[in-house]
Amino acid sequence: MKIKYSLLFILAIILFTALKPFAQTAVVTPSTKAILFKGGIAHLGNGRVIENSLIGIKDGKIILITDAATARIDGSVFDERITITGKHVYPGIIAPSSTIGLNELDAVRATNDFSEVGYINPHVRSLISYNTDSKIIPTIRTNGILLVQASPRGGLISGSSSIMKLDGWNWEDAVLKADDGIHLNWPEMNAPKIIRETDQSYNERVKNYNTSISNVTNFFADAKAYSQIVHDEKNIRFEAMKGIITGEKILYVHTNSLKDIIEVIAFTKKFEIKKYVLVGARDAYLATAILKENNVPVILARVHELPENIDDDVDLPYKRAAELFKAGVLVCLTNEGGMEAMGTRNLPFQAGTTVAYGLTKEEALMLITSNTAKILGIEDRVGVLEENKQATFFISEGDALDMISNNVVKAFIDGKEVELPNEQLQLYNKYKQKYGLK
Amino acid sequence: MKKVLIGVVVLFCRSVIAQETFPVNGTHNKNNTVYAFTNASVYIDYQTKIDKATLIVKNGIVEKVGIGIILPKGAVVVDLAGKYIYPSFIDVYSNYGIADAKPSSAPQPQIESNTKGAFCWNQAVKPETDASKLFVADPQSATEMRKLGFGTALTLQKDGIVRGTSALVSLGDGNENHLMIASNVTANYSFDKGVSGQDYPSSQMGSIALLRQTYYDAQWYALDKTKREKNLSLEALIAQQKMPQIFEAQDKFSVLRADKVGDEFGLQYIIKAGGDEYQRIEEVKNTKAAFILPLNFPMTYDVSDPYDAMMISLDQLKNWEMAPSNPMAFEKAQIPFALTTSDLKDKADFRKNILKAIELGLSEREALKALTYTPANMLGMGNKIGALKDGMIANFIITSTPIFNEKCIIYQNWVQGIQYEIVNYNTIDLRGNYSLLLDQKNYRLKIAGELNAYQTIVSIDTFKYNAKINLNGNNIGISFETKLGAIRLAGALNQKATNGFKGKGQWEDGKWLEWIASYSDSIKTVEKKDTAKVKSEIGKLYFPNMAYGWTDQPKQEIVLIKNVTIWSNESTGIFVGDVLIQNGKIANVAPAIQVIPANVIVIDGSGKHLSPGIVDEHSHIAISNGVNEGAQASTAEVRIGDVVTSDDVNIYRQLSGGVTTSQLLHGSANPIGGQSAIIKLRWGLAPEKMKIEGADGFIKFALGENVKQSNWGPRNVIRFPQTRMGVEQVYYDAFQRAKEYELKWKKYSALSPALKISSAVPRKDIELDALVEILNKKRFITCHSYVQSEINMLMHVADSMGFKVNTFTHILEGYKVADKMKKHGVGASTFSDWWAYKFEVKDAIPYNAALLSQMGVVTAVNSDDAEMARRLNQEASKAVKYGGLSQEDALKLVTLNPAKLLHLDTKIGSIKIGKDADVVLWSDNPLSVYAKVEKTFVDGVCYFDAQQDKKMREQIAVERNRLIQKMIITKKEGAPTQKVIFKKPRLYDCDDLETDNED
């Protein structure tokens, strides 16, 4: 049972540190080189696998992906040929509804850049807070996450999110899709009462709920009316909402319980919201029929969390994704919650858990790649290994969904190779050196 | 009219019960009337009924009771043929006539007591409180209590941890001098600090420690001859020790905790229970305490909406059904108890609820005993109240039927020989069905409800009208609105309802009419046969009484697991073989076991993996009422072991993740936290039985941002320390004091008995006792820590003060001082990959565990999180990914290594003959994300089985549905309901203060 991974990993580290000691935050200069990767096990992200693949990239795009066993290609068009036999290739993992780049250290207020003052803030844009030099970003990339939806938090309407590549000199060149959608935190009809906590009375909670519902309803009514004509006097909140009314932007509704999900669906019908997505949606597995009927996709709450109710199946959070997937609901995974930014590096393992609880590995991969891309409206560019898609992908020594074998050795964003070592590895090496460890 | 009557009675009483010492305004009005009640069935005590008895009452005292008594001359004779007399009830736990304590409005944090004067240092300790001095009669409450049949109440101010003394008072009207039967009757306690705004204690374990220290202080104060400190609180407490001691506990576990404190000080408390004791009645009986039981049963939930119903958990449903059986459970277990109206939101529910308890099996005899004999004797007042015997206080009630008959009417309640009328027994009972001839039409008249509150319906054809009925002497008035208009009837009764009544009336247009009501039959209560069965069926008690609880606790079995990949954590490494479990131990491990005992259960382990049970060095599950006692820099006196709960579903959830042993740690709010408890996850057993017997004692220390309150908000800038340099001094100071304290005791103990008498006795300090244990290697430190400077510091403090740090927990910068740690001999218990949640963890690296291991530091990976704890195998796996540890060594991070850190590696942590059979059967390599737990054994008992788990889920669904259907029926029958509110169980991590919101 002695394991080879550790050795391989150490080799990989030696390789990397030899190449680029102590420079992990630098951004690699763009390359127009055409590269061919030979022999990798390509997990396309759409459920299919090519055991022995040929993958060609050029000018930031995948120009070739095929089965080496059957295809004949002209290798001479490639400037470089890399053999990756036995290694696994995956589309870059996408982390939706995330605070990566908006948050550095949870408890240090100065580093929290995701929650604006006020209650209804559709006009604030996460893009502006997004820090390409966040120390968290390289640690996330190390495990294969290459894209994030940087999302604001708090209030009733938190603001606009943007989809970012985890590589870039600044937010302008890191952005994949600016202002892709607006985040609405749906009021909770039955907000839980924490046992032993002195809490407001039931009547007060109902009152607050009713107030919040009328606030959100009134705001959408006003925003919709506003969008009908051109105004001399601009209201920047309503201006920001136009994309939601027209369907250019996605409305991300953060909600969890069954009754709230039903309310949200009725609400979106009332206002004829064209594109919306449920975020969290813990109870969505109980509402698959209505979700399918209305084509509502779900960015599902953490797999690695405790059941909400004492009586719930102990593995409920592990198996929700499979239940939604099998019912035909378009579903992907998020790490939204406590300690979310830095914990995002475990997103592939959350997908891995869904394999133990009902999905195949390739289906689980869809939950963090192609399904995510479809839900965020970026499937034309990323999420699968496919010709003409962006060359945003990574190569792992082993199965990337299992922590025992996830070992990313190369990663590319738009065809540019990104650095995988991070400051944490640097510290590790520094102290190993101090102690004379190999 | 009735109000006027009561007014007259009050005036009358006042004049009678004027005090000897009081001057009289006007003429004296002494009334020495003798009353003779004849022909009643008299309960002279809860078990002795005398039919056709005579009761003679004189000057508020029972002069004689029995048969064949000659009526004294000049007595008022009251013929009570067909009626019943009972000793009136005693409420042994009330705050009748005592104003609530006022909350202090001092700004937070409040480090010192706000009580002015020479009292205890802690505001929640106020034994000087004397209820008799606070008591002011409250006619309104007294009237309410008398209606229910009560004549006497023990009353106290229910506030604080040490609450002072109570008074025994009558529930009559009049002045306090007369009403008060006794002062300083009982001494009273609780774990609830009440209105005290002082920070300490902020948790139940803190309350326990405060109470223990207060008792020790009282013992010392009594012996101390120097009296350099005058302490009125301690003097009061010392004076109270011979009284009956009442402890108010809020639930079954607090009951056990209170009794344990009592045991330490040779006190047997009378315990006011919380109402869920039926769930652990065996342990409750073992306290040998007498109990006071509340009757505030949970209200029915409105479950008509199935989505709402999903928010109620099975424990709430089951408690709703079973809580009314609590008194029955006490009776069955032969535990003495009294009943109280305490905790009832609406006192009027008392009668309804006691009848409910009787319906669920409480005997009427025991109910009466619990309201008369038992409370009287608890208070040492059995010769005065609680029975009707010669010379006792004349407190009794006159009723229409046996008292626990559903239709019983209490006519009169006599308190101290004074009559209080509740219902005039000469009142004509109008209840019945009548035919009502009115304006040549035949209506039906139905009079139902209570004697004082009739529910009247007039109906014709399919129309029904609610009517109001007024009875004043023999004048009867009925009014209602018909579709033809409003109508008012007036008439006269003819002695009895069955004779009917008649008179005249007026339509709303002023037209007069004649009417006559003829009695047809009595009101019949409709037997609800269809629902009776559902209602009387009570579900089985689960252990614990919630989802995933056992109806039958699983037992040790003989188990052979064959052909399984064994992760032995021994020199044999990882190999395929057989493991035999017998008598809770690992009986054999071998590539192929040949000798197989009888009755063995064989499990085919082919393709599966068997690992030692996971040990979580840092856990906060199974703790109740606060994980942090953070109000002071050092709280070494508090003990998590005092507040372990077995009702946490996370115990079961973690078994499903392979966890078998957890160290339950105090939080990290202060440099010297509390003592920890080490448990095995023996799901279903009581808290004490989960603790590992003979395990070494540990204590939590903490460093850094939490203890210097960096992230506690702008108000928390007062408590020392606020910097890392202050933290160091807390330790030097504490251990310096501990050394001096130990020396002082050593010197004192060495004195001759004669010298001891003349010398000052050192004060026992339970905080310093814990620190002395550390110095003497009898208690070991697990220290929450992050940055290298502070880790270095504590090792220096330890070296210079002569102790060792056992474990640095969290220790995210351990990699920076791994060499120093190795030299000090301290272990590490870290997170796999947490970082960036606060400033002090910005340099945390996921390679920490691997590097520390490589440096030879005993290293574990812990959870500090109820969710992550059930995936600790995966967290260990990350040390392979980050740092390249071998798989075998990685698994040790969550098994053998934490066992070493807890000094339990001779018993657990590896699969070796003779060790505890704490093993986990996995579907796959336990370090893989794809591995699932199939079985978890603790001490050879299978506490989690994936197949059994499936069955339990079905069982939960069935039981939930049964209870929900029962609630629906109960609602239909008119029970008041409450809206469902989703109660989310509280989870703790290090930083949680009891007053915090979650997160």
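A residue is buried if 20 or more other C-beta atoms lie within 10 Å of its own, exposed if 12 or fewer, and partly exposed in between, with C-beta atoms placed from the backbone. B:Lys468, with 11 C-beta neighbours inside 10 Å, counts as exposed. Keep in mind that this is a predicted model, where local features need pLDDT of at least 70, side-chain atom pairs count only at pLDDT 80 or more, and totals for chains, interfaces and linings use all residues. Residues are numbered from 1 along each chain as its sequence is written, while chains are lettered from A and ligands numbered from 1 in the order in which they are written.

**Chain B at a glance**

- Chain B has 27 helices and 46 strands; helices (H or I, at least four residues) and strands (E, at least two) are DSSP runs, numbered from the N terminus.
- Its C-alpha trace spans about 105 × 75 × 60 Å along the principal axes.
- Of the 999 residues in chain B, 51% count as buried.
- Two residues are in contact if their C-beta atoms, placed from the backbone, lie within 7 Å. Among the contacts in chain B with a separation of 6 or more, 68% come from residues 24 or more positions apart.

**Back to B:Lys468**

- You'll find B:Lys468 in strand E23 (residues 463–472) of chain B.
- Leaving out residues up to four places away in sequence, B:Lys468 touches B:Thr456 and B:Ser479.
- B:Lys468 and B:Ser88 are 380 residues apart along the chain, and their C-alpha atoms are separated by 33 Å.

**The nonpolar cores**

- A nonpolar core is a set of buried Ala, Val, Leu, Ile, Met, Phe, Trp, Tyr and Cys residues joined through C-beta atoms within 7 Å.
- The largest one here has 387 residues, and A:Val298, B:Ile85 and B:Val579 have the most contacts inside it. Helix H5 (residues 204–223) of chain B gives the largest share of this core, seven residues.
- A second, separate core has 16 residues, including B:Leu430 and B:Ile476.
- Setting aside neighbours within four places in sequence, A:Val298 is in contact with A:Leu278, A:Ala281, A:Ala284, A:Leu291, A:Leu324, A:Val329 and A:Val331.

**Where the chains meet**

- The contact takes 61 residues from chain B and 52 residues from chain A.
- On the side of chain B that touches chain A, helix H24 (872–881) is one of the elements that give two or more residues, and H24(B) supplies the largest share, five residues.
- That side of chain B has 30 nonpolar, eleven polar and 20 charged residues. Here Ala, Val, Leu, Ile, Met, Phe, Trp, Tyr, Cys and Pro count as nonpolar, Asp, Glu, Lys and Arg as charged, and the others, Gly among them, as polar.

**Two helices packing in chain A**

- Helix H9 (residues 316–326) and helix H11 (residues 347–356) of chain A pack at an angle of about 80 degrees, with their axes 8 Å apart. Axes are lines fitted to C-alpha atoms, for helices over the stretch in contact, and angles run from 0 to 180 degrees between N-to-C directions.
- That makes H9(A) roughly perpendicular to H11(A); angles under 35 degrees count as roughly parallel, over 145 as roughly antiparallel, 65 to 115 as roughly perpendicular and the rest as oblique.
- A:Tyr318, A:Ala321 and A:Ala322 of H9(A) make the contact with A:Thr353, A:Thr354 and A:Ala356 of H11(A).
- Sorted by class, the residues of this contact are four nonpolar, two polar and no charged.

- An open sheet of three strands in chain B runs in the order E33-E34-E36, with mixed pairing. Two strands pair if DSSP finds at least two bridges between them.
- Strand E33 (614–619) and strand E36 (677–680) of chain B stand at the edges with a single partner strand each, so one side of each has no neighbour in the sheet.
- From one strand to the next, the twist averages 20 degrees.
- E33(B) and strand E34 (residues 659–664) of chain B run parallel and are joined by four bridges; B:Ile614 has B:Val659 as its bridge partner in E34(B).

- Most residues other than glycine have a negative phi, and most peptide bonds are trans.
- The peptide bond from B:Gln108 to B:Pro109 is cis, with omega near -5 degrees.
- B:Phe720 and B:Pro721 are also joined by a cis peptide bond, with omega about 0 degrees.
- A:Asp179 is not a glycine, yet has a positive phi of about 45 degrees; A:Asp179 is partly exposed, with 18 other C-beta atoms within 10 Å.
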